[in-house]
Amino acid sequence: MFKKILIANRGEIAVRVLRACHEMGIAAVVVYSDVDRASLHVRKADEAYPIGAAAARESYLNIPKILDVAKRSGADAVHPGYGFLSENAKFAQACADAGVKFIGPTAAAMEAMGSKTRARQAMEKAGVPFVPGTSRGVESFEEAEQVAARIGYPVMLKAAAGGGGKGMRLVDTREQLKSSLDAARSEAERSFGDSEVYIEKAIVNPRHIEMQVLADEHGNTVYLGERECSLQRRHQKVMEEAPSPIVDADMRRRMGEVAVRVAQAAAYTNAGTVEFLVDEKKNFYFLEMNTRLQVEHPVTELITGLDLVHLQIRIAAGEKLPFTQKDVSIRGHAIECRIYAEDPDNNYFPSPGKITLLLAPSGPGIRRDSGMYEGWNVPIDYDPLLAKLIGYGSDREQSIARLARALNEYFVGGIKTNISLFRRILRDADFRAAKLDTGFLDRMLKRPEDKRPNSKEAEVAAIAAGMFAALGATASAAGGDAVEAAALSKWKEASRREALR
Ligand code: MV4
């Protein structure tokens with residue numbers, strides 16, 4: 001087993017991974033850029049190395065600098081987290097060449113899944129269902145016209161080198177095809193340096209449901225259940241849940257077996273996720289495979305009772321999976337909120353700055369994977385994800401109730417966050433009825449907000465404002481814990497006063 005792991009990431013995921021290291025008796029080495037010097041992952045690590053300026057290419061994306069720290073620190077392995085270098089085949093190869101174990105798939109497995117068309121060709125061979133269309137770019141408008149006529153409109157044009165919705169165009173009629181194809185090609189060339197565009201049957205109002213897979217280096221591959229990830233805004237996931245409200249045991253088995261076939265077709269090892277589009281008749285189609293641990297992995301951990309980071313480390317250390325498919329069982333329901341430093345009243349623009357007050361929820365069924373602390377300066381330089389708040393319950397209703405209760409306890413002073421968005425989603429009738437698809441959030445945000453605050457919210461806002469004013473002067477003087485304790489006592493006083501009114 002490894003004695004020391006370098007975590008080549010920052011924020012909440014770096015804290016999450018170093019916690020797993022500490023639980024396994026493994027030393028955690030971290031790297032940090034100039035603006036992250038006082039970050040939580042630096043404070044909690046056993047060793048921390050500065051690697052350069054804020055810009056990711058000078059720090060968290062800089063392969064030579066990260067490998068240099070691996071060597072100087074004597075790390076046996078590197079955990080890439082998500083984002084940054086987590087799906088960079090060159091980095092995975094560079095680790096292997098340097099004799100440092102990359103905690104994830106091989107570079108070859110990453111490359112097999114990196115190009116959308118190469119992935120589709122591999123799927124065709126593996127008999128995996130994917131959206132009707134072409135599995136390589138169309139060569140001419142005439143070919144595009146024939147394919148579109150065969151599969152039927154509407155069709156979706158997609159850049160082979162694209163992903164995350166970039167370079168994608170919906171074409172409703174034959175008349176729009178020529179101009180859309182030209183536009184899609186030039187955007188693909190501009191954005192990815194590769195103008196290859198392929199065509200798919202457009203799935204109307206799809207759900208995005210993804211299947212967690214786990215494979216050891218001895219040929220054992222299992223699926224760990226699905227996650228419903230349809231609540232997205234501009235192709236950015238906002239809220240995820242497991243299990244999916246529309247997947248029953250039989251559908252889970254069929255999707256899981258397809259996902260395992262995808263992983264095996266790519267000789268995949270370690271943790272991975274197979275993404276599907278699901279249509280209104282519950283047909284599912286392979287979309288792409290993510291070759292990293294995902295942000296939303298906690299909801300799968302909570303309903304299976306498994307720790308995915310422990311398992312990633314064990315697999316990378318050459319251990320066999322300690323269970324088989326029949327041992328995997330799902331219990332309860334988990335919903336995750338991605339807490340972003342964004343201002344919902346200003347088009348969700350990033351809201352960096354100093355966290356002057358932090359009241360964080362806990363209690364039954366609440367998990368918080370956080371990278372922030374009171375007094376920390378949220379930098380502008382990176383993705384504004386501050387923390388993930390996950391509510392677990394014996395069923396979906398209980399997890400919603402717990403999450404709503406926890407969101408009412410959450411208060412982050414000094415910056416704006418999107419916490420109010422989650423309160424609104426959890427109250428929404430369509431959400432509560434699990435009527436979800438990838439257009440849900442856009443539709444909800446277009447509707448005028450039901451401004452009648454429930455009494456609890458109004459009370460929380462009043463107390464927070466009052467307390468914030470009262471504590472404003474002492475916040476800087478007293479520093480972290482004292483302020484939190486003082487805040488709670490004043491919070492209690494104020495709420496008692498309020499209750500007596
Ligand atoms: C689609 C689709 C409908 N039909 N493909 C968007 C990002 C990329 N991962 C794939 N995406 C889509 N592909 C066909 N043939 C609708 C989407 C889509 C989407 C998919 C998953 C999650 C959110 C989405 C938001 C808009 C569109």
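Trainee: So buried means under 20% relative accessible area, exposed over 50% and partly exposed in between, with a 1.4 Å probe and protein chains only. How many residues of strand β8 are buried?

Mentor: Four of the five residues in β8 (residues 197-201) are buried. Strands are DSSP runs of E, at least two residues long, and helices are runs of H or I, at least four long, numbered from the N terminus. This is a predicted model, where local features need pLDDT of at least 70 and side-chain atom pairs count only at pLDDT 80 or more, while totals for chains, interfaces and linings use all residues. Residues are numbered from 1 along each chain as its sequence is written, and side-chain values use heavy atoms, with hydrogens and water left out.

Trainee: Which way do β6 and β8 run, parallel or antiparallel?

Mentor: Antiparallel: five bridges join β6 (residues 155-159) to β8. Two strands count as paired if DSSP finds at least two bridges between them. Lys158 sits opposite Tyr198 of β8.

Trainee: What do the side chains of Lys158 and Glu200 form?

Mentor: A salt bridge, at 3.0 Å from N to O. The term needs a side-chain nitrogen of Lys or Arg within 4 Å of a carboxyl oxygen of Asp or Glu. Lys158 is in β6 and Glu200 in β8, so this pair ties together parts that are 42 residues apart in sequence.

Trainee: Is Lys158 buried or exposed?

Mentor: Buried, because its relative accessibility is 11%. Glu200 is buried too, with a relative accessible area of 4%.

Trainee: How many salt bridges does the count come to?

Mentor: By that rule, 34. Some are linked: Glu210, Arg227, Lys237, Glu240, Glu296 and Arg338 make up a network of salt bridges.

Trainee: What does Lys237 pair with?

Mentor: One partner is Glu210, with the closest N and O atoms 2.9 Å apart. Lys237 lies in β11 and Glu210 in β9 (residues 207-215), so they link parts that are 27 residues apart in sequence. Glu296 also forms a salt bridge with Lys237, at 2.8 Å from N to O. Glu296 lies in the loop between β13 (284-290) and α10 (297-304), so its pair with Lys237 in β11 ties together parts that are 59 residues apart in sequence.

Trainee: And how buried are they, as a relative accessible area?

Mentor: Lys237 has 8%, Glu210 has 0% and Glu296 has 1%, and each counts as buried.

Trainee: New topic. Which residues touch the most other members in the largest nonpolar core?

Mentor: Met239, Met372, Leu389, Tyr410, Ile425 and Phe431, out of 37 residues. The largest share, five residues, comes from α13. A nonpolar core is a set of buried Ala, Val, Leu, Ile, Met, Phe, Trp, Tyr and Cys residues joined through side-chain atoms within 4.5 Å.

Trainee: What does Tyr410 touch?

Mentor: Leaving out residues up to four places away in sequence, its contacts include Ile339, Leu358, Met372, Leu389 and Arg423. Contact means heavy atoms within 4.5 Å.

Trainee: Last one: what is the strand order in the open sheet of five strands?

Mentor: β3-β2-β1-β4-β5, with parallel pairing. β3 (47-52) and β5 (101-102) are at the edges, each with a single partner strand, so one side of each has no neighbour in the sheet. Four bridges join β1 (residues 4-7) to β2 (residues 27-33), and Lys4 has Ala27 of β2 as its bridge partner.
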